[in-house]
Amino acid sequence: MKLRQITIVASFLLLLAGCKTNPFTGERNLNFVSNSQIFPASFQQYNEVLAQSEVVKNTSEARMIENVGRKIAVAAERYLNANGYQGYLEGYDWEYSLIKDDQVNAWAMPGGKIAFYTGIMPIAKNETGVAAIMAHEVAHAVANHGAQRMSAAQLQQVGGAVVGAAVGGKSESTQQIIAQAYGLGTNLGGMLPFSRSHESEADRIGLTLMAIAGYDPAEAANLWRRMAQESGGQSQPEFLSTHPNPQTRINNIEQWAPQAKAEAQKYGVTSFK
């Protein structure tokens, strides 16, 4: 069997075997990287980041980060258990750290490792703002976005091998041009929109989680307004960005927030802070 045929078959088999159901959306997502594969490396990398950073401890902000994180993680477990996904979070090891750094940023790693930078705290402004950020990051973790991106990257590499095999008889310069075009095409047409879809999905899931935890999901729109003001309204064109346009994001949140509140009411949550 020729290399091109082998890589096509490999791609097809990966697609067949690598789809898992997202418990929050019901959609089938590409994911053939198991938690047992990705979690140990994630935990190690998180520890390395903490070791190289100034971690803030025993302050009111640090305690708030940890308390809010626990509430959002409990909300995620309540949702999953209620929807037939008992044991889904097995292997997760939740940890919430505040790092002294002026960056306006927060991030999540597979398996429940969350970090906030002190630079984002003035924009979060209050506990509900922290909850909106935390719920977004927890959503990335529970939706296994890290594993999905790794799966997509591996599939992209297989696709690159197909392209290389197909142009093997061409000149070196032609091969380089086609390879560059493939990389550009997959980045703009595939990987970046794939990342944008993750951001929007984390926004939507996060609204539900923060609502179940007792926080007003409508306040997430105000958080992103403050984020937009912080950036001075400057952003890349949406098709070149891994994140949705700020106004697109705000519009989506305003549309989804009432649905998140309605979902939270199923869990006995009737008031929000």
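## Ground rules

Because the model is predicted, local features need pLDDT of at least 70 and side-chain atom pairs count only at pLDDT 80 or more, while totals for chains, interfaces and linings use all residues. Residues are numbered from 1 along each chain as its sequence is written, and side-chain values use heavy atoms, with hydrogens and water left out.

## Overall make-up

The protein has nine helices and six strands. Both are DSSP runs numbered from the N terminus: H or I over at least four residues for helices, E over at least two for strands. Of the 273 residues, 44% are buried; here buried means under 20% relative accessible area, exposed means over 50%, and partly exposed lies in between, with a 1.4 Å probe and protein chains only.

Contacts are counted when heavy atoms lie within 4.5 Å. Among contacts with a separation of 6 or more, 72% join residues 24 or more positions apart.

Helix α3 covers residues 60-82, and its 23 residues should span 33 Å at 1.5 Å a residue; the end C-alpha atoms are 33 Å apart, so the two values agree. The expected span is 1.5 Å times one less than the number of residues. Buried positions in α3 include A62, I65, V68, G69 and I72, and also A73, A75, A76, Y79 and L80. After the helix comes G84, with a positive phi near 85 degrees.

Helix α8 (residues 219-230) has 12 residues and reaches 17 Å from first to last C-alpha, close to the 16 Å expected at 1.5 Å a residue. Its buried residues are A220, A221, L223, W224, R226 and M227. Just after α8, G232 also takes a positive phi, of about 70 degrees.

## An open sheet and its hairpin

Four strands make an open sheet in the order β3-β4-β6-β5, with mixed pairing. Two strands pair if DSSP finds at least two bridges between them. The edges are β3 (55-56) and β5 (106-109), each of which pairs on one side only.

Strands β5 and β6 (residues 113-117) run antiparallel and are joined by four bridges. Within this pair, A106 has F116 as its bridge partner, and W107 stands opposite A115. The hairpin has three residues between the strands, and G111 takes a positive phi near 90 degrees there.

## Loop residues to look at

N105 sits in the loop between β4 (95-99) and β5, and counts as partly exposed because its relative accessibility is 28%. Leaving aside residues up to four places away in sequence, N105 touches F116, Y117 and I120. N105 and G119 are 14 residues apart in sequence, with their C-alpha atoms 7.0 Å apart in space.

Two residues other than glycine have positive phi values worth a glance. N58, in the loop between β3 and α3, has a phi of about 60 degrees and is exposed, with a relative accessible area of 69%. K125, in the loop between α4 (121-124) and α5 (127-142), has a phi near 75 degrees and is exposed at 62%.

## Empty space

Rolling a probe the size of a water molecule over the atoms shows where empty space is left. On a 1 Å grid over the protein atoms alone, a cavity is a set of points where a 1.4 Å probe fits but cannot get out, and a pocket is an open set with protein on both sides within 12 Å along at least five of seven lines; lining residues have an atom within 4 Å of a point. Grid points are joined across faces, edges and corners, and a volume is the space filled by probe spheres set on the points.

The structure holds one cavity of 30 Å³ or more, and the largest cavity has about 70 Å³ of space. Residues lining the largest cavity include H136, D203, M210, A220, W224 and I253. Elements giving two or more residues to that lining are α5, α7 and α8, with α7 giving the most, five residues. The second largest pocket has a volume of about 300 Å³. Its lining has 15 residues, with F24, T25, R204, I205 and T208 nearest the centre. Here α7 (172-212) and α9 (246-265) each give two or more residues, and α7 has the largest share, seven residues.
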